[in-house]
Amino acid sequence: MRVEQLRGGVVEAWHDVHVAVVDRTGRLVAHAGDPLLVTFWRSAAKPFQAAALVEDGVMERFGITDQELALACASHSSEPAQVAKVRELLAKIGYAERDLLCGPHPPLSERVAQDYQARGVRLTPVYSNCSGKHALARHHGWPTEFYTRAEHPVQQRCLAEVSRWAEVPQEKIATGVDGCGVVCFALPLRNMALAYAKLGKGEGTAPRSPLPRLAATMLHHPELIAGEGRPCTELMRAHPGRVITKVGAEGVYCALLVGEGLGVALKVADGHALASALALAAVLEALGLRPLPPALGPRPNLNTRGEPVGELRVNGGLEQ
């Protein structure tokens, strides 16, 4: 499978795609490219890092709502309502914004970014798309200083959850530093897909698994997982209750088809973000999720006068 850019009927650029589709037992049911490709999970790991908030009693202690839990799973667009929710979460756990160690960046939504720039909004750490997930240390009494470091108990706790649900021993998970400063994890696509398959009904997981609650939270609040006009939110809105989608940086995307119990993980080899969204939509369509939002079909390639001169499209499919 690859995503091709055509101009005048000629393929001038292409983006190779690797995909793993796995059921709850870990069986590989479909793939493209190399389903065992090892890459960083990036922000698509967030639901499993957030599992500790549910399992450790953090939500009950601080009165954290499902909306705030959704933001812990999110790569949000820095929309005003999302930022306000993050501030409410910080207030509940006794954090100030200065305690956040994620740096600010332009909003992931181009529309929001343009609006803030036009109005001269000063971007601070609370606007980071990761600001909802920096919240575990207070519950355990762990130091809040340097919580981004790999050896800090917060990051060790997150590593343990990733290892548990992806079924990869901790010592075999390579780590690096994510864009927001915390630890990110490298593992095979097949194991990422397995973790997402488990998000479903919790079948095959331990009693009182946190995963069903995380899944329900994401399904009920697609507007918080990404934002208006972004693929994660639009795919979940198009099929309420049927699919969870979660973007990661550098061409990573993951999904759960709820009824089928199938987890999906893909990586666009060169990290092309738009190609990863189109590829995910094509994979979900091949697995029976129809119709898809029109914006996730072939994308016209326009010149500076707004005239179509080609398109970006997915070529190839899944192997069973």
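Guide: A disulfide is taken here as a pair of cysteine sulfur atoms within 2.5 Å, and by that criterion the structure holds zero disulfides. The model is predicted, so that local features need pLDDT of at least 70 and side-chain atom pairs count only at pLDDT 80 or more, whereas totals for chains, interfaces and linings use all residues. Residues are numbered from 1 along each chain as its sequence is written, and side-chain values use heavy atoms, with hydrogens and water left out. The closest cysteine sulfur to that of Cys130 belongs to Cys180, and because the two are 3.7 Å apart they are too far for a bond. Cys158 is likewise in no disulfide, its nearest cysteine sulfur, that of Cys180, being 10 Å away. Cys130, at 5% relative accessibility, counts as buried (under 20% relative accessible area, with exposed over 50% and partly exposed in between, using a 1.4 Å probe and protein chains only), and Cys158 counts as buried at 8%.

Turning to the strands (DSSP runs of E, at least two residues, numbered from the N terminus, as helices are runs of H or I of at least four), three of them form an open antiparallel sheet in the order β4-β6-β5, where pairing requires at least two DSSP bridges between two strands. β4 (38–40) and β5 (174–177) are the edge strands, each with a single partner, so one side of each has no neighbour in the sheet. Four bridges join β5 to the antiparallel β6 (residues 183–188), and Phe185 in β6 is the bridge partner of Thr175.
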